[in-house]
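Dear colleague,

Please find the structure below. My notes on the fold, the pocket and the cores follow it.

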Amino acid sequence: MKLLALFVVFILLFLLVFFLRINIDLAYNFCNYESRLNLRIRILFLTYKINLLIPKELILKGYNTFVQNLINDLTEREKHFQDESEVSDRTKPKSRRYRALKFRISEIISHYMTSWFNLINVVRQLNKIKNYFYSKINIYLLHITIEVGGRDAAETGILTGAIWGFLGQMTARIYRRCTVRKNNIRYNVLPNFQDIVFSLSVQGILSLKISHIIFTAYKLLVFSRKRRIRNNG
């Protein structure tokens, strides 16, 4: 009887996870190199709120650090005839994130991009997984407001037209790849002929099943495992 009860509980939990949905209310604002993200995640009767603020100074500092690390790498390559210890003393130390990013990129190139055929195969498989994930996303609301201003009226007009064209292509992709439950996708592009400015405001409501996230992660894990075994073989 105990085994039967445990089996029934396991089946009920599996069904609960399989049909349980995650509802996400998203609000994102970008203005003057400052980003603010507000998320409200609802799972059944539970609600989680996430508020992130990325200040302008942090973005500019990260950008400057990344550029400086690239310059240091180029300097090391140009002065390869010198001793490595002397070069390391003259250059600034690299951050952990930059070294990790550089290692991952080199690992991807060595494992997946050894030939053009392997590269095409990897992109094709990843697109299948990505399209599978997008197809299960339900979109209920998407509002985007963009304010853009160039150096003069002509540049502002060109930027406004380019943004409208990009939004039109993005809408076609959304309807083709995702599941739009309500026809509530709206855009607003505001040209500013007075100042050089770019601001972005995004509001969205979407949902997807927890089981869908698990299956997608499993597909990525199996794909990565197969590639590693094939490359090691």
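**Pocket**

The largest pocket has a volume of about 410 Å³. On a 1 Å grid over the protein atoms alone, a pocket is an open set of points where a 1.4 Å probe fits, with protein on both sides within 12 Å along at least five of seven lines, and lining residues have an atom within 4 Å of a point. Grid points are joined across faces, edges and corners, and the volume is the space filled by probe spheres set on the points. Of the 16 lining residues, Ile139, Leu142, Ile174, Cys178 and Leu206 are closest to the pocket's centre. S4, H6 and strand S7 (197-209) each contribute at least two residues to this lining. By class, the lining has 13 nonpolar residues, one polar and two charged. Here Ala, Val, Leu, Ile, Met, Phe, Trp, Tyr, Cys and Pro count as nonpolar, Asp, Glu, Lys and Arg as charged, and the others, Gly among them, as polar.

**Model and fold**

This is a predicted model, in which local features need pLDDT of at least 70 and side-chain atom pairs count only at pLDDT 80 or more, while totals for chains, interfaces and linings use all residues. Residues are numbered from 1 along each chain as its sequence is written, and side-chain values use heavy atoms, with hydrogens and water left out.

The protein has seven helices and seven strands, in the order α-β-β-β-α-α-α-α-β-α-β-β-β-α along the sequence. Helices (H or I, at least four residues) and strands (E, at least two) are DSSP runs numbered from the N terminus. Of the 233 residues, 23% are buried; buried means under 20% relative accessible area, exposed over 50%, and partly exposed in between (1.4 Å probe, protein chains only). The protein exposes about 17,400 Å², with carbon and sulfur atoms supplying 63% of it; areas come from the Shrake-Rupley method with a 1.4 Å probe. Among contacts (heavy atoms within 4.5 Å) between residues at least 6 apart in sequence, 68% join residues at least 24 apart.

**Cores**

A nonpolar core is a set of buried Ala, Val, Leu, Ile, Met, Phe, Trp, Tyr and Cys residues joined through side-chain atoms within 4.5 Å. The largest has 14 residues, of which Ile139, Leu142, Ile144, Ile163, Leu167, Ile174 and Tyr187 touch the most other members. Strand S4 (138-149), helix H6 (153-177) and strand S6 (185-191) each supply at least two of its residues, and S4 gives the largest share, five. Another core, of seven residues, lies apart from it and includes Ile22, Ile24, Ile41 and Leu208.

Leaving out residues up to four places away in sequence, Leu142 touches Ile174, Asn184, Ile185, Arg186, Tyr187, Val202, Gln203 and Gly204.

**Single residues**

Tyr140 is in strand S4 and is partly exposed, at 28% relative accessible area. Its C-alpha is 7.6 Å from that of Asn183, 43 residues away along the chain. Beyond four places in sequence, Tyr140 touches Arg181, Lys182, Asn184, Ile205, Leu206 and Ser207.

Leu37, in strand S2 (residues 34-43), is partly exposed at 23%. Leu37 and Ile50 are 13 residues apart in sequence, with 7.9 Å between their C-alpha atoms.

Lys130 is found in helix H5 (residues 116-135) and is partly exposed, at 31%. Lys130 and Thr216 are 86 residues apart in sequence and 8.4 Å apart, C-alpha to C-alpha.

Regards
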